[in-house]
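Let's walk through a two-chain model together, one feature at a time. Bring your questions and keep the structure open beside you.

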Amino acid sequence: MGVLVEAKNIVKRFQVGEVVNTVLHGISFTIEEGELDVILGPSGSGKSTMVNIIGGIDTLSEGELYYKGQALHTLNRNGLTQYRRDHIGFIFQFYNLMPNLTAYENIELAAQLSADPLDPEELLEKVGLKGKGDNYPSRMSGGQQQRVAIARAVCKNPDLLLCDEPTGALDIRTGAEILKVLSGFNKEYRKTVFIITHNADIAQIADRVFYFRDGLIEKIVKNERPLSVDEVQW
Amino acid sequence: MKNYFRNLRRDMLKNRSAYLGAILIVALGILIYLAMNDFTQNLHSCISRYYEETEFADVFAEVRGIPESELSRLENIEGIETVSGRASADARLMIEDSDEIITVHLIGYSPDDRLNRVVFGNGAKMISPDSIFIGKEMSRAYGFREGSRVRLAVNGKISEFSYVSRVSEPEYLVMDSGTSAASDFEHYDLGVIDEAALETLSGKKGIVSELGFRLKKGYSFQAVQNELTQALSPYGVSSITDRKHQTTDSEIESEMHNYRMAGTIVPLLFILCSMFMLYIILKKLVNKDRPLIGTMKAMGAGNADLLKVYLFPSVLIGLSGSLIGIAGSVPLGNYLLQDDIRYYGLPDAVFVSDPASKLLVIFFAVLACFITVFLGVSEIVNINPADAMRAEAPSAGGKFTVPPALKKFLNMRQIIGLRSLFRNPTRSIVTIFAVSISFGMIANFISYRVVTKETNVDTFGTFETYDVNISLGDLKKNSDAASLLDGLPYVQSSETAAVYTVLLRNRNHSRYDTLTAINSNSAMIHLSDRDNIPHPLPASGLVMGKLLAEKLGVSVGDEVEVENGLLSDRSVKIPVSDILDSKSSFAGGCFMSLENTAEAFDADDAVNLIYVKMDRNYFGDLKRALKDTPGITSLMEQDKVRKSYEDSLSLTMNMMYVFCAFSIFLGIIMITNITNISVRERLNEFGTLMILGTTQSEVDEIILFEHEIDFILGILSGFPMAFVWKKIIEYSLSSDNFRLVMEIPPGVYLATFLICFAIMLFSTVLVLKNVRAIRLTDILKERG
């Protein structure tokens, strides 16, 4: 197990008109390979901004960010696209599936972006959607759509899965099932999973929990004995 | 609701290009409508005022000569109130150092003229028998000033006059010299001298040839035509016509008709396009704002409150478009009016812009936008707050499946593009429609220019292939006319011919038109149909233009009665041997061989034209040789005739360029805005793909693929659209005397294709620019 991501003194500022708003005030941390980490924090604490920067869809204002020792803060737009393509899987709160592709084709789309993809058919089965590959997103429930989104993210065979409120739009039971799938991928495929959530219960399944407040990491708590999803009292 | 309105206003600012586009399209439509409307109204009132001041007659006749004393007898014909007549003669204007054959059509002036009165410039008066007044354009061309000496040759005798001022007369606003249907005032214009002086020049005392008639109230031309024709027949009737078919009035009316039609159809289409675009914009806006509308309803806002907010753009667009259009219409309308006043030599007039029409236009523009916007936003009424605040269920979409055979040729991005087209058919149809309507309009506007040029200008070189056209004032013997060119070495060949105005009758149909008599094996006039298939003159009988044949109800084999008082005192029956549907404007009347014509009418003097083929380097020599030859009214080089046609058509042609430019502009606005709306709806989809690691060029590939298909389908549906437009233009611009047959040549289709391709490319570049501006961090926050 090594360090997957290393953040050093990251500052992020947004300029709106003449007002400069600092969202991240110089935060530093590392993400270990194969971990399942959870970020908790109130709205506006900077957790989504941090994940966006790690995922290469936003840039930092100051500081340094390394992925397996490779400096991300020096990459240009194309370099970041290649980084996302090769190493990152995204899971969104509202699934963001391609409405014009079937469930299978959505997963296959990710496979086509990767040099070393996983088998879409196998992933479809893993997320419990065997036989539903021909369905369009419009004919699937929220939980099913999120499963497809997870399979799509994993299919690229990324090292890091970034999940922004993956259960935020789902009911408790479905949310738990989704977490089980994510946890399963973490364990079975040794993928690093980074989950942003408001739900403090989810922290119980994490290896480490990052507590964000006012653009700073308040604390990072290592979970000595992470629970399985089934063990958590939702 | 104030803040909700603010929210909408900000949304409009974000999409300002779409709203500005709609405003500009409305403005263009209104500009064209008002400019044309104001122009035709001003021209109509200017010409009506002029007709009234000059007592423009209701009926016109031209005879070989009638004693003035006989005129009062014609007033006994039931329906005729007043008769007026005057003498006329063509005189050669002698200009020093000029070899041009310049003819002045002299008419005799009497202060007692009751109809078709002349108007002298600058309030001048006929002060002495040697005074002469000349038309505005010829006066300007040769720099005549008050007191300038003007030398005229009539029947070989030279007389000198003193120029007083310019002159106009309602019958001669358009001058037909016989060599060019388009007025060429530098070579043929009006001149007015004292009645007695003209009698002395022509040697015809008390004989008049140009007659005007005022009809009693309640009487029409048809009511007096027969009796008048009979009464005048002993005096050699050349033509009898009503005001509608009089050269000046018919040309001005035809021009006003064309402007009115263009000024109605084009703006209507522009406003319809604008309404269509507005409908789409507002429909999409309401769809996007569903959760907001639901929230507002949940907070207690009523349908009326919300509708009021969304109807604001209609007032803004209608009002802004109208004001911009109105501002532009005044200079354009004034330009058109002044150009026509100059062209027709009408008295100066001040352009009056009618405020009532402006108010009406603003009202209708706002109303049209209001109705469109209402249709677009009426969905607000059906929005249920509870449903609207939840995430909208994704559209079930169609059941389009990419056929496996096709699928293996497409990559996933192309499949996304293809499915997207079928899953949102409205969006695709709207884009396809934008391409097809632009294609149809541009193709027709370019073609109209091509067809007008083919009909009027290109006819020289295909239908008429002479180098010089010599018009003889009076009918001459064939041998006399031919001998005029004897001994001129540079003349390669010549043909005598004639153009007469004849009355044609078939059963209860009658019509004045031209009969052109040419050599049976003419090498100068080539009768050919629309497909350029030659129609040689038959051994006997007439070749009749299709429109004329239809007006007379004549088919091949029928006999028509043909009458011309200058040729014969009696009418003759001539069979129709062929009916010609030709592109050339020259082929409107009917044709017969010169030999058959002379024989049918038993006329020795039957020639009034000579067509000449010659070495073009010797035009000057020909003019010098014929300069002092009496009996020649005008001599026109074909190139100059062609140029005079081009000049007379330049305004119409330029107008077509303007319409073309407007259509291209309309195409850019519609295609760009509609494709942008379509892409804006899918920014989340494109953003997600980019987050997943799809490169910019791969996302571009999806959009390009969709645009390629939209474009291809747009062009394919553009052909039927072009056909519909073709029919609309043909219907609108055809008149009683002229039938427009539009043809869109393959070259025009190709040019239009390239123009539409450029528009689509431009729109695609703008759309791709929007996609490049996607902020990926925002995508994570949005509902997918």
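**Reading strands, helices and an interface**

A: Let me start with one pair of residues: B:K477 has B:D605 of β19(B) as its bridge partner. Keep in mind throughout that this is a predicted model.

Q: Glad to start there. In what sense does β12(B) pair with β19(B), and over how many bridges?

A: The general idea comes first: strands in a sheet pair through backbone hydrogen bonds, and the pairing is either parallel or antiparallel. Here β12 (residues 468-477) of chain B runs antiparallel to β19(B), with six bridges between them. Strand β13 (residues 491-506) of chain B also pairs with β19(B) in the antiparallel sense, again over six bridges. On that side, B:S494 stands opposite B:V612 of β19(B).

Q: Is β19(B) mostly covered or mostly open?

A: Mostly covered: β19 (residues 605-614) of chain B has eight buried residues out of ten. Across the 784 residues of chain B, 46% count as buried.

Q: How should I read chain B overall, and how confident is the predictor in chain B?

A: Begin with the inventory, which is 23 helices and 20 strands. Then look at sequence separation: among the contacts in chain B between residues at least 6 apart, 84% join residues at least 24 apart. As for confidence, chain B has a mean pLDDT of 84, and 94% of its residues reach 70 or more. For the complex, the predictor gives an ipTM of 0.73 and a pTM of 0.70.

Q: Moving to helices, at what angle do α7(B) and α10(B) cross?

A: For a helix pair, look at the distance, the angle and then the hand. The axes of α7 (residues 247-288) and α10 (residues 355-377) of chain B come within 8 Å and cross at roughly 30°. Their crossing is right-handed. Among the residues making the contact are B:I271, B:M275 and B:L278 of α7(B), and B:A368, B:C369 and B:V373 of α10(B). By class, this contact has eleven nonpolar, two polar and one charged residues.

Q: Now chain A. Why do β6 and β10 of chain A each have one side without a neighbour in the sheet?

A: Look at the strand order first: the open sheet of six strands runs β6-β7-β8-β3-β9-β10 in chain A, with mixed pairing. β6 (88-91) and β10 (216-222) of chain A stand at the edges with a single partner strand each, so one side of each lacks a neighbour in the sheet. On average, neighbouring strands of this sheet are turned by 20° against each other, direction ignored. At one end, β9 (residues 208-213) of chain A pairs antiparallel with β10(A) over six bridges, and A:R208 has A:K222 as its bridge partner in β10(A).

Q: Finally, how many residues of each chain are in contact across the interface?

A: In this model, 23 residues of chain B contact 27 residues of chain A. The largest share of the chain B side, five residues, comes from α13(B). By class, that side has eight nonpolar, ten polar and five charged residues.

How values were computed. Residues numbered from 1 in each chain as written. Chains lettered and ligands numbered in written order. Predicted model: local features only at pLDDT ≥ 70, side-chain atom pairs only at ≥ 80, totals over all residues. Contact = placed C-beta atoms within 7 Å. Helix = DSSP H or I, 4+ residues; strand = E, 2+ residues; numbered from the N terminus. Nonpolar A, V, L, I, M, F, W, Y, C, P; charged D, E, K, R; others polar. Buried ≥ 20, exposed ≤ 12 C-beta atoms within 10 Å, placed from the backbone. pLDDT = per-residue confidence, 0-100. Pairing = 2+ DSSP bridges. Axes fitted to C-alpha atoms, helices over the stretch in contact; angles between N-to-C directions. Left-handed = near helix turned anticlockwise from the far one by under 90°.
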